[in-house]
Amino acid sequence: MSLIPRGKAFDPFSLDLSDPFDGFPFGSGGISSFFPSFPRASSETAAFAGARIDWKETPEAHVFKADVPGLKKEEVKVEVEDGNVLQISGERNKEQEEKTGTWHRVERSSGKFLRRFRLPDNAKADQIKAAMENGVLTVTVPKKEVKEPEVKSIQISG
């Protein structure tokens, strides 16, 4: 007797894991198990929902780099809310299913993403620049010049 179902091979790198609590009344759906009205992330959007973004501060600017592979610049939005909240959002649409052929695996994710960052006081929000190259969105937020406080020495009498 084989442990591997007929027609399927063991894939050690597969993320297709069975849920040991599937079918139990409490399930393993995270917060959705305890609060049924809380929306549950679907597997088709879960991987793309949290786009990976790096934030680096240089002496001249704050630089945000977001991995958005396969998206065109028209499918990504960069906005500033309330003058100090940087918002990066976008959507990857699911490909239309073809009537011919059999899908063996669908791993590329689709769906929307939205990330927000509160900009520090030294950010020049009115001079933000964005560029996209090879699936990486780079948003550059210039910094205001830090002025050294003027120190005036006071003569002490007496």
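Visitor: What does "partly exposed" mean for a residue such as E81?

Guide: Buried means under 20% relative accessible area and exposed means over 50%, with partly exposed in between. In this predicted model, E81 has a relative accessible area of 29%, and therefore counts as partly exposed.

Visitor: Which residue forms a salt bridge with E81?

Guide: A salt bridge requires a side-chain nitrogen of Lys or Arg within 4 Å of a carboxyl oxygen of Asp or Glu. Here the partner of E81 is R116, and the closest N and O atoms are 3.5 Å apart. R116 belongs to strand β5 (residues 111–118) and E81 to strand β3 (residues 76–81), so this pair links distant parts of the chain, 35 residues apart. R116 is partly exposed, at 49% relative accessibility.

Visitor: How many salt bridges does the rule give?

Guide: The count is three. Another of them joins the side chains of E57 and K143, at 2.7 Å from N to O. E57 lies in strand β1 (residues 53–57), whereas K143 is in the segment after β7 (136–142); the pair therefore ties together parts that are 86 residues apart in sequence.

Visitor: Is K143 buried or exposed?

Guide: K143 is buried, because its relative accessible area of 14% falls under the 20% cut-off.

Visitor: Which residue does E79 meet in a salt bridge, and at what N to O distance?

Guide: The side chain of E79 meets that of K77, at 3.9 Å from N to O. E79 is partly exposed at 30% relative accessibility, and K77 is also partly exposed, at 48%.

Technical notes
Residues numbered from 1 in each chain as written. Predicted model: local features only at pLDDT ≥ 70, side-chain atom pairs only at ≥ 80, totals over all residues. Heavy atoms only, no water. Helix = DSSP H or I, 4+ residues; strand = E, 2+ residues; numbered from the N terminus. Buried < 20%, exposed > 50% of the residue type's maximum accessible area, 1.4 Å probe, protein only.
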